[in-house]
Amino acid sequence: DDRAAAAAALIATRPTAVNLRWGVERALVADDPVAEARAVAAEDAARNRALGAFGAALLARGARVLTHCNAGSLACAEYGTALGVIRAAHEAGKQPTVWVDETRPVLQGSRLTAWELARLGIPATVLVDGAAGSLMARGEVDCVIVGADRIAANGDVANKIGTYALAVLAHHHQLPFYVAAPLSTVDPACPSGAAIPVEQRGADEVAVVGGRRLLPEGTAVTNPAFDVTPAELVSGIVTEVGIARAPYPSALVGLVAAGGGVRAPG
């Protein structure tokens with residue numbers, strides 16, 4: 001029917017993300033899809049506030065946090081995930097400051113995250129993605145916190161392209177690399193990151209900036225929207241019911257169970 005077709009179309013827009021599918025399927029099987037969608041949004045806000053509280057405990061006072069892409073209230077229903085952790089630390093008086101990756105090519109960091117942090121009164125500085133390593137080398141970063149679009153059963157994490165490089169840099173510089181995401185992002189049916197589909201986006205996102213073509217016509221472009229960070233580079237996965245740490249297969253199973261069947265649609 002039309003409702004099933006609309007659901008399929010919505011899910012197809014984000015093949016890498018799993019919690020969009022989870023939310024759509026919840027609404028699809030409900031007697032009142034609109035009421036169910038509103039309930040999902042309200043639950044998401046509450047879960048992210050709980051997630052933020054768990055994550056804020058990881059941050060020392062005055063922590064200098066580097067984040068990538070946008071995982072705040074604009075990306076979520078209200079509070080945010082990675083930004084929710086920073087926001088909770090700020091609200092607790094810990095005075096974090098934030099390094100914001102531009103997040104090329106669509107610039108979610110500079111366009112969205114920087115705007116949100118300014119409205120929240122949290123000090124933030126935008127940097128080009130390629131500058132993160134030099135900041136770490138100078139000792140100007142205390143930890144990295146990112147969101148996630150899908151977390152595999154083994155703890156591998158799919159997030160915005162450039163996340164994997166940050167994880168490698170953080171590992172090299174012996175910095176914590178945290179992932180903040182609700183349990184609806186955990187996909188127990190996906191055994192590892194190798195099974196996560198990575199969305200490929202159009203060439204013009206890279207070739208054209210501000211309406212002006214920067215690349216010569218005919219130049220080949222690859223534009224994966226996401227990459228996969230292996231679990232061994234992740235210091236902890238912050239969820240609304242607690243923080244998972246390695247070994248992730250058993251830790252995630254325990255948290256999903258503690259979440260009271262959060263993944264079940266309907």
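Student: How many salt bridges does a search of the whole structure find?

Tutor: The search finds 15. A salt bridge here is a side-chain nitrogen of Lys or Arg within 4 Å of a carboxyl oxygen of Asp or Glu. Please keep in mind that this is a predicted model, where local features need pLDDT of at least 70 and side-chain atom pairs count only at pLDDT 80 or more, while totals for chains, interfaces and linings use all residues. Residues are numbered from 1 along each chain as its sequence is written, and side-chain values use heavy atoms, with hydrogens and water left out.

Student: What makes E36 and R26 a salt bridge?

Tutor: Their closest N and O atoms are 2.8 Å apart, and the cut-off is 4 Å, so the pair qualifies. E36 lies in helix α3 (residues 33-56) and R26 in helix α2 (residues 19-29), so the bridge ties together parts that are ten residues apart in sequence. Helices are DSSP runs of H or I with at least four residues, strands are runs of E with at least two, and both are numbered from the N terminus.

Student: Why is E36 called buried?

Tutor: Buried means under 20% relative accessible area, exposed means over 50%, and partly exposed is in between (1.4 Å probe, protein chains only). E36 has 17%, so E36 counts as buried. R26, at 8%, is buried too. Both belong to a network of salt bridges that links R26, E36, E43, R47 and E240.

Student: Which residues meet R213 in salt bridges?

Tutor: D204 does, at 3.1 Å from N to O, and so does E217, at 3.2 Å.

Student: How do you know whether E217 is buried or exposed?

Tutor: Its relative accessibility is 66%, so E217 counts as exposed. D204, at 46%, is partly exposed, and R213 is partly exposed at 35%.

Student: What makes a group of residues a nonpolar core?

Tutor: Its members are buried Ala, Val, Leu, Ile, Met, Phe, Trp, Tyr and Cys residues joined through side-chain atoms within 4.5 Å. The largest such core has 30 residues, and V144, I151, F177, V179 and I237 have the most contacts inside it. Helix α9 gives the largest share of this core, four residues.

Student: Which residues does F177 touch?

Tutor: Not counting residues up to four places away in sequence, F177 touches several, including V144, L166 and L233. Contact means heavy atoms within 4.5 Å.
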